[in-house]
Every structure is written in C-alpha cells, then in structure tokens.
Amino acid sequence: MKPDKVLLTTAKIIVALVLVLCFVNVKVSCDENLDKNTHILKKIEVRGNKRISNAAIRSVIRSKEGDVYDSNLVSQDVDAIWSLGFFENIEVEIEETADGLNLIFLVSERAVIDKILFSGNKKIKSKKLAKEIGIREGDVLKHHLLKLDEDKIRDLYKKKCFSRMQVHAESKVVNGETTVIFNIEEGPRIRIADIDFKGNTSYKPRKLLKQMETRKKRFPKIMFPGRFEQDVFASDMVKIKEFYMNNGWLDVDVGWEITYENDDSEIYITIHVKEGKRYYVDTLEISGTTIFTEDELKAALKLREGFPFSLDAVEKDTYQIRLAYGAQGYLATSVNEKHIFAADETKVKVFFNIEERDRYYIDKVKIIGNDKTRDNVIRRQLTFNPGERLNVEKIRDSQRRLANTGYFDMESGMPAGISFEQGSEPNKKNLIVEVREGRTGMLRFGGGYGANVGAFGDISYTDRNFDILDFPKGWNDFLSGNAFRGAGQILTLRFSPGFERTEILMSLTDPSIFDSPYSAGASLFNYIRWYSLYEQKSTGSKISLGRELVRDTYVRVSPSFELIGIERRDDEDDTPQDVLDVEGGNWKTGVTFSAETNKTDNMFMPTKGYTISTSLEVAGLDVDIVKYDVKAKKYTTLFDIPKWGKHVVAYGGTIGLVESTSGEDVPIFERFYAGGYGSIRGFKYRGVAPIDEKTDEQVGGELLMLLNTEYLVPLYKDIVRMAVFVDAGKADESLADFNFDRFRMSGGLGLRLSIPFLGQSTISIDYGVPIMKEEGDETQGFSFNFGGGSSF
C-alpha cells in the first residue's frame, strides 16, 4: 500500500476514535445526571410485619430517605433485619417514581409457639421433657432450635438406657395456633445384662472391669443402670489394651462382640483378649550421671531387671529421674531413653542417657497477688529461701502448705502457684509466688443439727487471716474487708445456743509470732451441756504456746483454768452415785502437752497423707487426773478415674486413757464414752460405756479404743460423695481392759455434701447398723452433722 493511502486510513481511524470517545463521555455525563435525579431514596417502607413494630425494624436499617440508592448497603440492611430472628423470609422491592425510588422491605414473620406437645412418650413424663428442652411457649419458632431440643431429648432417653429411641419435631397450625409436636418412638429400655471376658489368663475379670467405665446393671440402679454408650465402650477397650501394655503385654489384642436378647432389652458383651507374650527388662543401664550413682537412680525407678517392661513405666521413670535432678537444682538436665527389643526373645534392653547441665540457685523470691495478706505471712509457709539451691520438691511442698492455710481462693483450683524467671546471673532463678486472695472471714447466721449435739443456732465469725493490729482508717475499710486482715491470725467468735448444748467462745491464735516458729493463743469459753443424767456448766480460759519442730509437726503447752458445775436432772433415787459425788462446783486447773503432725495433701478434703495427734493433760484442785490420748488417720487414693474423681480410703484409730492421781474415782465428766458421729456410728452419742449397776445408766470409763475405716466414692465431682464405713471400738472401765473383749462394731452408708457457699463446711449424713453390741448399749441408725450460714 502506498504511503499516502496509509496516512489517510490512519487519519480516518483516529477521527472515528475521537468521535466515539466524545459520544461515550456525553453518555456517561448524561447517566451521572440521571443517577443524581432519579436514584434518590424518596421513601422506605416495611410491609408484612404484624407483631414486630416498624420502629424496631427501622432501628437496624442504615439506608435513609434522601440518600442515593446503594445496593450494597441495602444488602447489609437485609442481613441486619434477619439477625433480629423474627422473620422467615425477607425480600426487597424497588418502585421507580418520577422523582426517585421507593425502597420496600417485604418481611414474613416467624410463627409464635402457642403449644408444645409430646407424643409417644410413656417412660418419661411430658413435664420432665418440657423442663429439658430449651424452647418455651411464646417463643418465636426457629427450626434449628427444634433440632437442638431433639438432641436434648435423645440424650435424656439415652441416660435412661433407651439407646434406640427416635425423636422428630414438627410444627403445625391448628385453629390458628402454632403447635410444636415432638414425636417420640421410645423403643425398648436396653441394659447391659452381663460383661464376659475370654482369653484373659493373667488377670481376673474383676481386675479388667476396674479399667472400664461401662458397667452391667446391678444394685443400686441409680449408680449402675447398665447403660451402653458406644463412645464410652470404645474408650474402655483402649483402656484395657493400655492396661495390658503397661504391664508388659505389648502384643495384646482386644476385640469384642455384642448380642441382644429378650426382645433386644438386654445386652451381653463378650470381650476377647489375646494376651500374647509378656516382655521383660533384660538389662537396665543409666549413663552420664556424676552427682548420683547408677544404683541410687535405679532404686527410685519402677523398671527393674527381670521385671515386666512397659512404655508407661519408661515415661514415669524418665520423669522420676528429672525430679531427682530437679531436687538438686539441675532443672535443665536432659534425660533420653532408648529401648531395644531382642530379635527372637521377649526381652528388652533399656538405656537412660543423662546430659547433666548447670545447677540453679534461688536469686529472689517475689510474691504477687496478695492484696490483703502480708508478704511475711506467705513467706513463712515457704520451705525454700533465697541463696539456696533450687529444689522442685520444696516448691511442691510450699504450694501444698500455702493451700492448706485457707487464706487463698480454694474454689479457683490453683490458690497458689510458683513459677520461674531468669535471675541476676545465668545460673540463678527468681521464684514468683502468685496467690489468689480468697474468702478467709466467715460470718454465720443460721443453725444446724448434729447427732452429738442436737439442734442448735449459730451466730459466729471466723477469720483464718486476721490481723488484730490492722485498724480501719474509716468505715469503708471496715465494710469492704480491708481492715483486720492479712497477718494469718485465727479469730473465732461464736454464740451457739441449742436444745442440748449452748456454747460461747472467743479465741485468738497467732501461728507464727514475729515470723518465728513459735505460736501463741488465748481463749475464753462458757459451755452448757445437758446430758441424760446431769447438766454440766463449764466456764474458763486457756492459753497456748507452741512451736513448729519440723515442717508440719507442732508441739504445744496449754495451761487452763476452769469451773465445772454439775447439777443432777433426776430425783436422787434415780441418780447414779458418780453424779452425786461431783454435784456442785468443781475447780480445775491443769496443763496440756500436745503434739500434731499433718502430712495430708489438703486439710479440708484430704485424698492422701496422714495426721497424727497426741496429748497429755495433768490437772489438779478438785479434779486430780492424768489424761492421755492419741489419734491417727491415713488417707489413700485407690483410684483416680477421669470424669468420675478420686476414690479415697480413710482409716485410723483413737486410744484414750484417764486416771485419778488422788486415789479417788475419775469424775464422771472426765470419763470416756463411745458412740455417735466421729465415734461408732449406729450407736447413740455416748451410747457405749460402762453401766452403773444400780441405775443401769451409762457412767463412762477410763479407757477408749476406736477403729474407723471409710471408703469415699465421688457421685458428683467433690460436691457429693458416698461413704461406706465400718466403725469399731469401746469405752471400758480401766487400762486392764485394753483388749478386744466387749468390742462393738457397726457398718453403714453415708453422704458427704460440700456446698461452696458454706465455705469449707461439709454436711454429713450417715446410717449405721450395729453388727456387734452389748446389753445396755443405746443404738441409733441415722446420724447427721451439718450447719448453715452466709459468708463473705
């Protein structure tokens, strides 16, 4: 093509493009003017709503009359109206007018539930089902909530062993009313009739059943309903396999089969166990240690040469070695384990290789979180000090001691925690003691009932973290609890009137005078007690001086002065001579030497450890006696089952001896009696004792022997526990009767209720049945011990 033609063609194209661009610009300009004139929201309406007001809907709409129409904003308005939860459907209409647009929201309201009905339920009443579901009459009908309520009903039936039940919710409009109907097909109640094991040659079925949560039906059904839950059963099979593996059977295989009988109402489970061969530790070697000998570390391990091998023992022994090093300050020590299986034998070689690293020392001890409790009160509970080597065992013991003070928030689960931070030098650590202040003062206005003391009222104040020198700066300090707090002193003020006992008590104890290991306390008391034979009035005072000899072991000396008034309640002919001998006022002055050790993990609800206490009292004036007693109790956790709790056995005993130093009889009010709560349940309070030959009344003895065993089973966390107990013992005439002759015994069941708003109080309800008794004993089945009040 010639150049001039090319130029002409190019020029034509350019002219055409210019014309097109001009046309487009004119069109855009015209559209913009049209938007400004015709896309203005002149009116916004809501239609279709009957119960929900326009104002309620408009309050969530962001589009406003007079604004330019914005489709994105309208979409957001639809979402906002939907979020109100009152509508099943929302549509948008746009009406064009000469001067703008009308925006219309068309809504369709959800129905309101007028009635809720249940159909097909025979085993569970409609009233029970209505309480279980979440929807209520008058609520807006939401179908997704019906699905959730179906699940709730299904879960309730499964708890009642109706594992095949079906439920379907539907809504109907009848006579203008919206009715929700839950259609239920209950099916049979299915319970586990039997669980059988096959192939288990090494362990009895009872041992394997302890590894399982699934239980067959047996008495009492409230605890063992025989409910079958697939996920729980699958977890049980894993637990049985782990149990075998943790005892050396590494090749174990567990299978099962389930059959139904009696119209599918009974389940029979057969668990097949293929144990395989048991693996044993052939050799056990520990290398890399310099601060311990190999034998010292081996002595602390669970694994032994010639004993079964398990991975669980490997893990625990690795931790045990770290713990041993941690007690010496070697926090960063690394423990590497390796095990090798023999090629053709069931033997395992185990190697622990230790990489010892720097020893750490305590640089500073910082305390945080104590708004009311003084630092020194916390520090005196710590078993470690700045400058000494870091010891993880002392840290754990310090946490236990802080929790047992009762100063801090026990309901939080972690009243005191101890952590580390880097100190001033590479091999030093700062220890951070963080506490959560708890409720230490308890004011009670209420009453209670005790099997040993009858009904009583209770107006009392107890504070375990009192400070007698912390005077309030004003009423606000006093009312807010910021006064008289933080020194760790124990104050008790009590007025407790009752039908069988009235008590007035004031006492103050400082467990650590000037942060020393010495303690001091003083009390004033007035005590009136009505027994079947006489009325006893005791008024006096006592002071106490003590010292902590070693951690958790205390000794005390307690001088006391007391006036004891005795007045007979019956005619002289019916009153034993032992009462007549002491009628009137009896002055008593004496001193008591006592010692106590508490090694429990929790002073309020112990699960392991022990307590031992003993006392020797020497008294004179009108009451010339020597009285000695010793008490011991041990707590052991048998099982700690997830989602159930700790099964604890507590057992112990008491021995008491009293003798007269004047050659006369021991006064009747200083003698020992047995029976009642804390003694031999199933017998009345003071219902076990030597009897006066003339009147057949119990007059007490000079010897007391008690043995108690109690098995505590959690029913609901730590709040509700069941107790199975056996009590035995006697109160006899003299030390010459220190034998098992005339021993009484009882057994029974009980409940323990620990209610949080009662502080650390526990309600105890027991029913005991005498198994061995003597003529003249007074029995009593139920024994109660509880009180109530409000606290702050």
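Let's start with helix α3, where L73, V74, D77, V78, A80 and I81 are buried. Keep in mind that this is a predicted model. Seen down the axis of α3, those buried residues fall within an arc of 165 degrees, so they line one face of the helix. The general rule behind such a pattern is that an α-helix has 3.6 residues a turn, so residues three or four places apart point the same way.

What does the buried face sit against? The buried residues of α3 pack against α2 (54–58), β2 (87–97) and β3 (100–109).

Now for the helix itself. α3 covers residues 71–83, 13 residues in total, and spans 19 Å from its first C-alpha to its last, close to the 18 Å expected at 1.5 Å a residue. Its N-terminal end is capped by D70, which places a side-chain oxygen 3.0 Å from the backbone nitrogen of N72. After the helix comes G85, with a positive phi near 85 degrees.

Let's jump to another part of the chain, the largest nonpolar core. This core holds 25 residues, and Y534, I566, I668, F669 and A674 are the ones that touch the most other members. Two elements, β22 (553–568) and β28 (703–716), each give two or more residues to this core.

Leaving aside residues up to four places away in sequence, I566 touches Y534, E535, Q536, V579, V582, E583, G584, N586 and F669.

Terms used. Residues are numbered from 1 along each chain as its sequence is written. This is a predicted model: local features need pLDDT of at least 70, side-chain atom pairs count only at pLDDT 80 or more; totals for chains, interfaces and linings use all residues. Side-chain values use heavy atoms; hydrogens and water are left out. A nonpolar core is a set of buried Ala, Val, Leu, Ile, Met, Phe, Trp, Tyr and Cys residues joined through side-chain atoms within 4.5 Å. Buried means under 20% relative accessible area, exposed over 50%, partly exposed in between (1.4 Å probe, protein chains only). Helices (H or I, at least four residues) and strands (E, at least two) are DSSP runs, numbered from the N terminus. Contact means heavy atoms within 4.5 Å. The expected span of a helix is 1.5 Å times one less than its number of residues. The arc is that of the directions from the helix axis to the C-beta atoms. A polar contact is a pair of N or O atoms within 3.5 Å; within protein, one must be able to donate a hydrogen and the other to accept it, and residues adjacent in sequence count only if both atoms are side-chain atoms.
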